[in-house]
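I opened the model to look up a few places in it. My notes follow in the order in which I made them.

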Amino acid sequence: SCGTTIPIWLNGRHPTVEGQSSCGNTLDCCQYNDEMFVKNCNGFYVYYLNPSLVCPSRYCAGSAKRCPVGKWSSTGFEPCRDPAPVLSQPPVVKGPIVEADQSFHFQCEITYGPSDADQVFEVFWTFNGRTDPSIKLQTLTADQRVATLSGDKLASHPDTNVGCQVNTYYVGHEKDKKTYSSKTNYFGVQVSPGRLDIKDREGQKDVTVISTIPVVCDQGPTCCVDFTIIIDDQT
């Protein structure tokens, strides 16, 4: 319908020489009739179009189909796009990634193929499912697909699950944002078991310590990490 209530279209095929009529319609096939002039000039056509029949009406041209409900384009016709960029999988958090200078960071990686100039990815970092207002969102555009979180931003978030949330949209269509959330990576020190009950003369007990916090080793090939053991003596 080319964006109008009454589209005007060629009634029949293009002529071999010249001449043709046109139709305009709402519900009936050819509710309004008028003349239009088309001349075949050795393979291309010249059109003389009278003013449109009534309001609202317009001449329609081309073979492209209108975008279906839920899709859009700048013209309203194919090729059509989703209201916002659609990710084939959730974003992925990687890290902590340690650099040569012993600094570290996390990465939020987005998998998305097209690289349109008007596509936008807003990246929020989450800590145990919540955002931190002091950490600004990062905006990725065009072919940018990776956001980073510096390790120094985690000083106030020990023993936390780090994740990222991504909002996707096209410029001018912010109201159609889609939101995707990653799985989380634990950042901290885990001790298992967290509590030991030891009886007199009982044998050796093992404690497993797993740290996802990078430990800077400046003492040669061997580093030591000190832990404090709290003893609850109930005797």
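Areas come from the Shrake-Rupley method with a 1.4 Å probe, and for residues only the protein chains shown count as cover.

I noted that the model is predicted: local features need pLDDT of at least 70 and side-chain atom pairs count only at pLDDT 80 or more, while totals for chains, interfaces and linings use all residues. Residues are numbered from 1 along each chain as its sequence is written, and side-chain values use heavy atoms, with hydrogens and water left out.

**Leu196.** I found Leu196 in the loop between strand S15 (189-192) and strand S16 (208-211). Strands (E, at least two residues) and helices (H or I, at least four) are DSSP runs, numbered from the N terminus. Leu196 counts as partly exposed because its relative accessibility is 33%; buried means under 20%, exposed over 50%, and partly exposed in between (1.4 Å probe, protein chains only).

**Ser57.** Is Ser57 buried or exposed? Ser57 is buried, since its relative accessible area is 13%. Ser57 lies in strand S5 (residues 57-59). Leaving aside neighbours within four places in sequence, Ser57 is in contact (heavy atoms within 4.5 Å) with Thr4, Ile6, Ile8 and Ser52.

**Tyr47.** I then went to strand S4 (residues 44-48), where Tyr47 is found. Tyr47 is partly exposed, with a relative accessible area of 42%. Not counting residues up to four places away in sequence, Tyr47 touches His14, Met36, Phe37 and Val38. Tyr47 and Met36 are 11 residues apart in sequence, and their C-alpha atoms are 7.5 Å apart in space.

**Whole protein.** How many helices and strands does the protein have? I found zero helices and 16 strands. Buried residues make up 25% of the 235 residues. Among contacts between residues at least 6 apart in sequence, 48% join residues at least 24 apart. The accessible surface comes to about 16000 Å², and 51% of it belongs to carbon and sulfur atoms.
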